[in-house]
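Subject: Structure for you to look at

Hello,

Here is the structure I promised. Please open it alongside these notes.

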Amino acid sequence: MIKINISSFSVICLGRQFRSYQRLAPVSLLGCRFLYTPSALGLDGYLQVRERIKMQFSEMGDRFRVKMRDFVAPESVNMVFTEDLKHMVHLAEATEEDLELVEEMMSKFNKQNKDLRFGSFIFGPVVMRMYYHLNRPKEALKVFLNPDLEQFFDQIISYQLLMDLLLRNEMYDEVMQVAIVVKDKQIPNSRFPRNVVVLAMAAAYKKNTPESLEYMKSLWAQLQEAGHEPMRKAITFAAALAINQNAPHIA
């Protein structure tokens, strides 16, 4: 069993931080979707670009899709360029055909020799905003875990968008799974991104089971070992979960 520093945990959580719990609890009860505003997640900017590109392709969107399907065909020697993928990510609707096309374009784009790519546009956050806007959490998780897209989503904001989307859809186990994947990537200075920890603790709190309590305790122990100081929101969720699980000695 993993041991944690109960005394320091209790001092932090139920001492000066308890007022934070009182403020945050009503929000989390309504749903953790309100943890971050659309502006904080960059969704406002994505929607503005989306509207502009949809107007630009208003009369040729279908032809563009047909062309891109030809480009991603196994026998095709055509490359998927930055602007192609950028356009499709902003044109895509919540249909199986569009989402499959986006995934195939991403895979081909990612496999192309870097020397043949034009520009250095970072797609991870934009793609996750697309999934967020379309409310397609399962597809977002699928591409995140796709080995053909390794490093494609290695940005902290991409993790945050994915986990918040999963949380909104009550996919708490998947939120905690993503947090483990992020930790195991061991990205320099990003093993425990602050907002990733908040979302992982929020998922554990919302799940509210003995298993999620053990997950929280394990994560807390790892944070202490790494010398990481969680944000107040993360501490609040951890304390609230312990209380809800009748473990006030932990809180």
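The buried residues of helix H4 (residues 61-71) are covered by elements that include helix H5 (82-91) and helix H6 (96-111). Those buried residues are Gly61, Phe64, Arg65, Met68 and Phe71. They cover an arc of only 115° around the axis, so they sit on the same side of H4. The arc is that of the directions from the helix axis to the C-beta atoms. An α-helix has 3.6 residues a turn, so residues three or four places apart point the same way. The face of H4 turned away from the buried side carries the exposed residues Asp62 and Arg63. Buried means under 20% relative accessible area, exposed means over 50%, and partly exposed is in between (1.4 Å probe, protein chains only).

A word on the source. This is a predicted model: local features need pLDDT of at least 70, side-chain atom pairs count only at pLDDT 80 or more, and totals for chains, interfaces and linings use all residues. Residues are numbered from 1 along each chain as its sequence is written, and side-chain values use heavy atoms, with hydrogens and water left out.

Now the whole chain. It has 13 helices and zero strands. Helices (H or I, at least four residues) and strands (E, at least two) are DSSP runs, numbered from the N terminus. Of the 251 residues, 51% count as buried. Take the contacts in the chain with a separation of 6 or more: residues 24 or more positions apart account for 78% of them. Contact means heavy atoms within 4.5 Å.

Next, a helix pair. Helix H7 (residues 124-134) and helix H9 (residues 156-168) pack at an angle of about 15°, with their axes 8 Å apart. Axes are lines fitted to C-alpha atoms, for helices over the stretch in contact, and angles run from 0 to 180 degrees between N-to-C directions. H7 and H9 are therefore roughly parallel to each other (angles under 35 degrees count as such). On the H7 side, the contact uses Gly124, Pro125, Met128, Arg129, Tyr131 and Tyr132. On the H9 side, it uses Ile157, Ser158, Leu161, Leu162, Asp164, Leu165 and Arg168. The residues of this contact divide into eight nonpolar, two polar and three charged. Ala, Val, Leu, Ile, Met, Phe, Trp, Tyr, Cys and Pro count as nonpolar, Asp, Glu, Lys and Arg as charged, and the others, Gly among them, as polar.

Gln160 is also in H9. Gln160 is buried, with a relative accessible area of 6%. Leaving aside neighbours within four places in sequence, Gln160 is in contact with Tyr36, Leu41, Asn195 and Leu199.

Two loop residues to check. Asn135 lies between H7 and helix H8 (137-145). Its phi is near 55°, a positive value in a residue other than glycine. At 35% relative accessibility, Asn135 counts as partly exposed. Glu170 lies in the loop between H9 and helix H10 (172-185). Phi of Glu170 is near 60°, a positive value in a residue other than glycine. At 58% relative accessibility, Glu170 counts as exposed.

Last, Arg194 in helix H11 (residues 194-207). Arg194 is partly exposed, with a relative accessible area of 46%. Arg194 and Ile156 are 38 residues apart in sequence, and 9.3 Å apart in space, C-alpha to C-alpha. Leaving aside neighbours within four places in sequence, Arg194 is in contact with His228, Glu229 and Met231.

Best wishes

Technical notes. Parallel < 35°, antiparallel > 145°, perpendicular 65-115°, else oblique.
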